[in-house]
Amino acid sequence: MAVAGVICEWNPFHLGHGALLRRIRTCLGEGTAIVCVMSGNYVQRGVPALFDKFTRARAAVECGASLVLELPLTCAVSSAEGFAGGGVAVLDRLGVVDTLCFGSESGDLRAIQNVAEVLCGGAYDAVLRRFLEGGGSYAACRQAAVRTLAGGDADRLSDPNDNLGVEYCKALLRRESAIHPLAFRRPGGYHDERPDSENPSATAVRGLIERGEDWRPYVPEAAAAVFAGAPRYRLEAGERAMLAVLRSLPDEAFAALPGSAEGLGNKLRRACRAQASVAAILSSVKSKRYAHARLRRMLLCAYLGLTAAD
């Protein structure tokens, strides 16, 4: 029997996720066991999941997952590299998973693996440093360095789930894992604000739920039954509590945050003590060099008491 692994958030589980599970079994065999490593109550964007981890895990099992394990919090609120590395580590340590399956914009596993090999290679760091000295953002310099070494395959870094696939393959290479990656092309945008009837995005489905619009057509019936009536969570609902904690943290707590290098921890500390909302804090610290998601993760880590050492 094949055992497939999926690293996920299921925030929330929708028709596209159900289609992925079916495609895995079509490809690997109907008897394939699917082990999901899912983020818990907080997700990689640095916000609470819309539904708690037990509700989301139950929805996944009702819709075809064999087992749902929790991705450790320190990985769930990390960069794409940390998120992927944590998920791969869990699957690899189980000792039974033979295939890591993921959706991507291109479905081009050859290109994804080539980029991963370049990023793990000895020439990459020197080329990246050369581009960083020019003053560009890290993401742009990273892609430019990979383009120098891998040509057009560097385009795989432009799309979020191709990029995540690269990180999965990097993690497998670095662990010298026996797990094989398998990419499934998924049409449609992963972050579309309006849902597509056949390939909705989690962003679009969350938007419908938060606006009180009809979301059920985009979610499998079994998942909709689990989500109906379940508590929903938003960062804004706990904003006052979050601000109270952030304003009371000592200076050294900001210095200990993951990603606090280059004075970013100090900028965040000053903003937390001067601004009246989370949105204002993020806006005052945001720059070309630092993405909103990274800053949200730092704020969440500060609130939860997570450090770089963690």
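Colleague: Is Thr 55 buried or exposed?
Modeller: Thr 55 has a relative accessible area of 12%, so it counts as buried (under 20% is buried, over 50% exposed and in between partly exposed, with a 1.4 Å probe and protein chains only). This is a predicted model in which local features need pLDDT of at least 70, side-chain atom pairs count only at pLDDT 80 or more, and totals for chains, interfaces and linings use all residues. Residues are numbered from 1 along each chain as its sequence is written, and side-chain values use heavy atoms, with hydrogens and water left out.

Colleague: And what does Thr 55 touch?
Modeller: Not counting residues up to four places away in sequence, Thr 55 touches Val 226, Phe 227 and Ala 230, where contact means heavy atoms within 4.5 Å. Thr 55 itself sits in helix α2, residues 53–62 (helices are DSSP runs of H or I with at least four residues, numbered from the N terminus).

Colleague: Switching topic, where does Arg 142 lie?
Modeller: Arg 142 lies in helix α7, residues 138–150, and at 11% relative accessibility it counts as buried.

Colleague: Which side chain does Arg 142 join in a polar contact?
Modeller: The side chain of Arg 142 is joined to that of Asn 163 by a polar contact of 3.0 Å (a pair of N or O atoms within 3.5 Å; within protein, one must be able to donate a hydrogen and the other to accept it, and residues adjacent in sequence count only if both atoms are side-chain atoms). Leaving aside neighbours within four places in sequence, the contacts of Arg 142 include Leu 119, Tyr 124 and Glu 167.

Note on methods:
Helix = DSSP H or I, 4+ residues; strand = E, 2+ residues; numbered from the N terminus.
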